[in-house]
Amino acid sequence: MQIFPRALNKLPVYAALANVVVLVAVIGIPWYYFSPKNLQVGYEPHQPVPYSHRLHAGQMGMDCRYCHAQIERSAHAMIPPTQTCMGCHAVVKTDSAMLAPVRESWETGNPVQWIKVTKLPEHVYFNHSVHLAVGVGCVTCHGRIDQMDVVRLDKPIAMQWCLECHRNPEPNLRPKEQITNMTWTSDQAPPGWKPPEVHPPTNCSGCHR
Amino acid sequence: MAKRAALYLAKYETPHDVLHAAQEVRKAGYAKWDVHTPFPVHGMDEAMGLSDSKVGWIVFFSGLTGISGALLMMWWMNGVDYPLVVGGKPPSSLPADVPIMFELMVLLSAFGALFGMLHLNRLPRHNHPIFETETFRSASDDKFFISIESEDPKFDLAETKAMLESTHAALVELVEETLQDDEADEEEEHH
Amino acid sequence: MSKRQPYPQEPARPGDKPVWITLGEKRSAKAPDASAELVTPIKSSDVIPTSRLSRRGFLGLGAASAAIASEGCIRRQVEHIYPYAKAPEYVIPGVPNHYATILTRHDEYVGALVESHEGHPTKIEGNQDHPTSLGSADAMMQAATMDLYDADRSATVREKNGKGSDWAAFDKAFDAILKTLAADGGGKLRVLMRPSNSPTIIRLREAAVDKFPHARFHFYAPVSQGNVYAGGKIAFGTPVMPRYNYAFAKTIVSLDADFLGTEQGALHATKGFARGRRIERPSDPMSRLWVVEPTLTVTGANADERFRLAAGDVDAFARALAGELASRGVDIGPVKDAIGDAKAPEGTDAFVKALADDLVANKGKSAVVAGRRQPPHVHALVHALNTALENVGRTASYAPVSDLVPFDLGADLKALADDIDGGKVDVLLVLGGNPVYDAPGDIKLGEKFDKVPTSIHLSSHFDETSEHCTWHLPMTHELEQWGDGRAYDGTWSIQQPLIAPLHGGRSAIEILARLGEEPAKAYDLVRTTFRERAMTPAHFEAAWKTALRLGLDSGSNSIQFEAHATLPDVAAALQKAPLPKPIGPQNLEIAIAPDNKLHDGMSANNPWLLELPDPLTKIVWDNAALFSPATAKALDIEDNDVVSLSRDGAQTIEVAAFVMPGQADNSIGLVLGWGRQNSGRYGNGRGFDVSPLRTVKDMDIMSGAKLAKSGRTYKLVQTQEHGRMEGRPLALDTTVEEFKSNPHFVLFPSDEKEIAETGPVKRELERPGSPTPKTGPLWDRIKYEAHKWGMTIDLSTCTGCNACVVACIAENNIAFVGKEQVYRGREMHWLRIDRYFVGEEENNPDIAFQPVACVQCEDAPCENVCPVNATTHSEEGLNDMAYNRCIGTRYCANNCPYKVRRFNFLEWRSPEGARQPVLDTYQDIPETEKMAFNPDVTVRMRGVMEKCTYCVQRIEEAKIAARREQRGMGPNEIKTACQQTCPADAIVFGDLNEPRSEVSRLARSERGYALLAVLGTHPRTTHLGKIRNPSPALHKAKEPK
Amino acid sequence: MSSRNRPIKEIGEVYLTKEGMSFHEVSDTVCTVTEKRAPRNWWIAFFITSTFAAILFITIAYVFWQGIGVWGNDSPSFWAWDITNFVWWIGIGHAGTLISAVLFIFRQKWRTGINRAAEAMTIFAVICALLFPAIHVGRVWFIYYMFPIPNQMAIWPNFKSPLVWDFFAVSTYFTVSLLFWYAGLLPDFALLRDRAMGMIGRAGKIRRLVYGSLALGWRGSHRHWQNYERMYLILAALATPLVLSVHSVVSMDFATSVIPGWHTTIFPPYFVAGAIFSGFAMVQTLMLITRAVYGMKSLITMRHLELMNKIMLLTGSLVGYAYFMEFFIAAYSGDEYERYDFLSRLFGPFWWAYVWMFGCNVVVPQLFWFKRFRTSVPVMLAVSCLVNIGMWFERFVIIVQSQNRDFLPSSWGYYRPTGVDVCLFLGTLGLFFTLFLLFIRWVPMIAIAEVKGVLPQADPHDVGEHSTEGSPGHEAAADAALAGGE
């Protein structure tokens, strides 16, 4: 008396196939889907004020450091105070509805509640000043910000990605005066210019303290 | 539902009987036949004239994969991809790798052994004509059987029966299996 | 795990009082940043950043998403950035500012330099330019930020009837009160305050007296300079503050004076003392410290010759010493007759003789110091001796005392109490202090206060005193207020606020001003006083700004005068003062001193101090009654026994006993500052209050103590239970003589090259050092080409004062864990000071302090065993610890021979609803405490290992700065937190590859050795062996016995 | 001629089973246990053990929620009961494979009576052991950092860490033991399947399906037997060095460290001996119980038990030797830290633990020098239990005592466990016995096919006339066989 149908004799084949599938899934899915490339890049939150980098940095060609002042001295991104906005908008577009939050902030003294786009884990100590000091351009990490109406995360900001550059920085270095240049390429380097000898840390305390 | 003769089943009481019977059957020159016992009977390999088992080779190669794979993995991960200074030692050092090389070798060998055995035995095979008969139930308990499959070129309903009875079989039975539509692949599976 | 986000959270709100910072620039007050879960605004419930999804609460679940979060992936919850609306000048987010100010320490003003991140103070250092601190800070100063952020500080004005009130109500009421008082010139007004030499306070006091001629000011502090001043009055006719040049003195005699610890001026005293002890070559001269004291103090622990003598016998000892000196031809004139033939306390003869010889041998190069609690005539005698030994002008000088408060504060308080009894007091104004808690027991001040119709108490907490007053007013913390004060040498220093009052308090001077002149802002009051420094308005602003920048007005220090004691007066005083009955088994003594950590208990709610192990007993979260082993045996007392102490005319107290080597026989050592009932969540009920034992007559030294065993026991917890080295080469020490004969007493120097230089090792020495194995590892050791960070710790100069430990806590966000957890051995201090008893005599051992933090082994055992590469080496040889990689197998800690790794066994900063180990209740840590975090250091969560990093955040900052400014690094550019605060400069950090750096020089010193080098760990920290300078004469004398 | 499978009475050999047992009897004795309803005692036992198992899981949840601070672990005892239990269970988990593999290779036929249960016990013990490394970490949700899987941090495990070796060793050991066990079960599952054929009703159907699918369609074909035997031999050959390696690697967790009392080259052999020792003790305990409960005296004979006792005597003495050697090495090394540590084992704060360890592991087993004790069930039960207690204390002494007396006296401490520690330990015992009860209830607790293989009549050359027609009763056959044997 047979207990199992004859079809079940194909079991070994199926089992083998299933094995392969599961293996691929278990490794592959987290590898891709949990990666910053997939989960972070493209984060494009809606800001309280529709500030357009394309307009200010792109079309008007304002230097990044006009608003992000002191960024060459501090670790932080130096999101400008309302003051800076009002510097111009006290006279320009004084009644634009889009600028209402800015004016309100200026009057009440409450900050504009910008939404953070480039988020690093809290145990990572990234320092803008030193990266600029050795000639890493804004565009390297933030992408073509001058073409963004709404700021979006452009690069997979994760340890692996940081390490790629920390292990081989030269391709990402440029003359100091070019750091805010969004379109700079190595062939625009002045004749005889060599990327400086930087030895970025690849040990833990370089970024984790 | 067409039926088809699948195999002859001969039953014996003792290991001694089945051993002799096996020798007979082999003399008779059958190819597709087998002995079924509740435990491995000694001397049966010779009696059936089986060649040495190939499990060993499978194990050897899977073991080889394990040991070399382990070494490669550790060398690349600690020595090449992200070499870190650990305890002032060189990033990749062989002595520290030995235990894991050994463990992985054993692990893969073990898999090779079990699954190699299953593969060589074409197991799992949950459905087999031989299960059609009630008689066969005692094959795992205390009875000993010889089966000759109908695919065997020398298989002949009359002759084979006679030959088996001549081996002091306690019982000789023709096992039939019901044919299904998937006849075709059933056939090829036999070859 | 997290750090604070850079941007200030809290907008400047209309209501806020403006805070002034240096250079008179105005900026808007800001509450702390918030964004990471650690810090939320303290005033704004409206803006709770969404990312304050408590990751910790959530980790309790061990949620895998947390894992992903820490990898920086899917953090979908919105994080906000809050830039300033109007950016204050001089503030670059992420770049801390430093402001100079002064803090009160042991009732004196000490200069401090405060680090402020986006508007809130996070770290306190000493002020390089200030004479009191000379760039160093002590444990209490380091912990001051925690006082500022104490969540239990009073935030509201309160009336007796319990109903919360507010400042407006008080002002109204107070105006009314003042009117009624004005009628009879304030006849029924009394003001009680702690003594202070603040020019503004003195000025306002005088102004008040002008307005209320019949009002009386009373002064009280549990610890006072009264005896010192009184002694000066006897000897010089005017009260003085003596100063000794410990750097220059060759023979230093301390008569019950803890001048390295709890006495005033300890910071600069330690600096000088260390200079006299730091010898690099055997030929270098070294001072010798003689100490006579009942309880082992920091000073006593550093003594070369120490005699355990009951405090009551010190008087006799001093007289005997004078006698011996006289007999050696030291001219003490009439004093000689005054002391007659005073017998030295039994057992001290040899000691006194040897000491006298040493003093005579070092005439003009010695210093005799008397302790604060010794009676005036002892101080007078000491002045006489210094005069006779020709020390005046060389090692001893005297500064006039700027504020003339009564010498005997106890009596002054008693007078107040009597006035209250006599119904002479309608209005009592208590400015600061906590008299009901720390007043002598026999005054029963609480009951007295209850009789006063209107009593107003200004204090930081609603404390024991507030409970007995009709009004309670919240007082500002020193980091929140304007003020001024004079250093011991009279230097005029300005106190400036770092942050707006967190709880809307007011400072003492603001209240005081109401009595005299019209109320004004403290800022103006202080400026007005400062004008007195007679300057034209033009100069004034400049001088004011300079004073703010430096934290002091240079040139304002009063002239040191070199007075010579008038011997007849001293003699007279001595004759008047009868010798106290000698202390003995029949006449037990109780000697009360300020606590090494809490001093008088004003910051008794400071968990950093509470968990700080006592330098000597290593007890945490408690105080205890100390008994010498002999006395304990005689009285059949053991550790943890609860005993009740009493004496005639005083109340009885119960206190846990602790047997402490080095304690004088028949003398029971107690400390002030504990047993607070109303200090706050951390301090309440910790330890035992000893002030009920005090009486107006005997505040500190009391004989005729009665002792009874209660039969109960009390759990005292120590961080170090085993005090002996078991003959192991750990804290290596030797005597000057031995050092001369064998410069390599640490035997095996720390690396092969050294062995080559210093030649073969002497085996016959009984305490062998630890050799670096001759056979290196099987592989080539790593070469460190660029920077090679290293540290040296000089055991000779380290006094064990604990400042470095608290500095480390403040700098590195180190958690406190509570008594029960310390009992389980889970304290988190990265830097600990091991205290070893040296020598066979269990009653009177020598002490060796050994600060131990991670020694940054080059071949670190911890790294090998970490399964996940969470701790590895940097190119500069740092033993990195990546908290976010750590999974907490604790294997590294097992394999650390120095046991310097600390594990977060629980969530010390409890998430919502989780048990807070410190208090053993369910609650989150207060928001204000989170403001104390250093944003440059990760706050560790439960389940991860942590340890000393050589302040890697400071190293990285310096390297980045150098690179930013396109320059190389200075030889001694980086200072670790412990090094920066060390008053003895015992810790030196730097680059071993940098020939100009101090550390590279010291690491090669002959005294240098690596702890447990025998294990081949190749530590980067080098300990410098301790040199003692015992008196050869005395030891010869001892030989026969 | 005589049978290979018959005992040589002259040298005092006795039958491995009740004399004259037939194939069918063997099948019956073993299989009926899984076929009949469970005896009442089984249910009582199961209730108790599963309660403890429940406690285990509740405790683990609590530990995850609060953090491992709820244990007694402290500084310097960063490891305590957690790792003690781990090593203890791993040790116990060694006997199974050892009995199966090593005794198989040495052709020790007597193993057949006990190897199945021993292997099962191994697997369950290893499960309990594996719990601890998993839950003892501070941040269990990050434990995957230990595995070499690609990740966005681009960082890998540290293969220099003995803990990683440990992870590979133990998980390998678990897997191999599992394979080994299952391979052995194949023919017996087939037997259960075939016996289920006759059964009617639901139970029969389920049993057919379950055991049928587990048997993978095994039909006792000799062509299969040939590969099967070779596979079994190879697995045994692999498992033998594996057993030795596993506890060696576990011992390296300590041996490769620098702590006095841990940093010892003697550890690997010493730990292996200890493991076998404790493993056999546990097998002995279990066998004695099941044997009594299920009347397996015919298959688990006194000879089995006595042989086990002999091995315990041997390994126990080996361990004792190691204890002495430790002291000798400490003294001979001249290392003051090492010396101090070992002296404080005797005279230090944990002296009591040392007394337990030495008494139970070295003194007690000496009883087995005497046949009277070797063959007395109560004595061997007591001894085997005591040995397990003693072995737990051995690990406790090594781990905790050493940590509390290491290099710097300033950091010495005294370890105090908490209730949570106790609950966890009892919990694992509960889990272990629960699994074991389920095993004897549903799985043939004795390797039927193998036992048949060593019966006298299993040998084809075992003379004794066997009728060719009809079938005389098994007894008859057996008797005949016996007659032939003498």
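Author: Helices (H or I, at least four residues) and strands (E, at least two) are DSSP runs, numbered from the N terminus. This is a predicted model, in which local features need pLDDT of at least 70 and side-chain atom pairs count only at pLDDT 80 or more, while totals for chains, interfaces and linings use all residues. Residues are numbered from 1 along each chain as its sequence is written.

Reader: What makes the largest cavity a cavity, and which element gives the most to its lining?

Author: On a 1 Å grid over the protein atoms alone, a cavity is a set of points where a 1.4 Å probe fits but cannot get out, and lining residues have an atom within 4 Å of a point. The largest cavity holds about 320 Å³ of space, a volume being the space filled by probe spheres set on the points, which are joined across faces, edges and corners. Its lining has 30 residues, with Gln718(C), Thr719(C), Gln720(C), Glu827(C) and Ser410(D) nearest the centre, and β34(C) gives the most, with 3 residues.

Reader: How many residues of chain C are in contact with chain B, and what area is buried between the two?

Author: Contact means heavy atoms within 4.5 Å, and by that rule 11 residues of chain C touch 8 residues of chain B. Buried area is the accessible area (1.4 Å probe) that two parts lose on being put together, summed over both, and here that comes to about 890 Å², with carbon and sulfur atoms giving 59%. On the side of chain C, Trp779(C), Ile782(C) and Asn864(C) lose the most area to chain B, together 49% of what that side buries.

Conventions:
Chains lettered and ligands numbered in written order. Heavy atoms only, no water. 1 Å grid on protein atoms, 1.4 Å probe; cavity = no way out; pocket = protein on both sides within 12 Å on 5 of 7 lines; lining within 4 Å.
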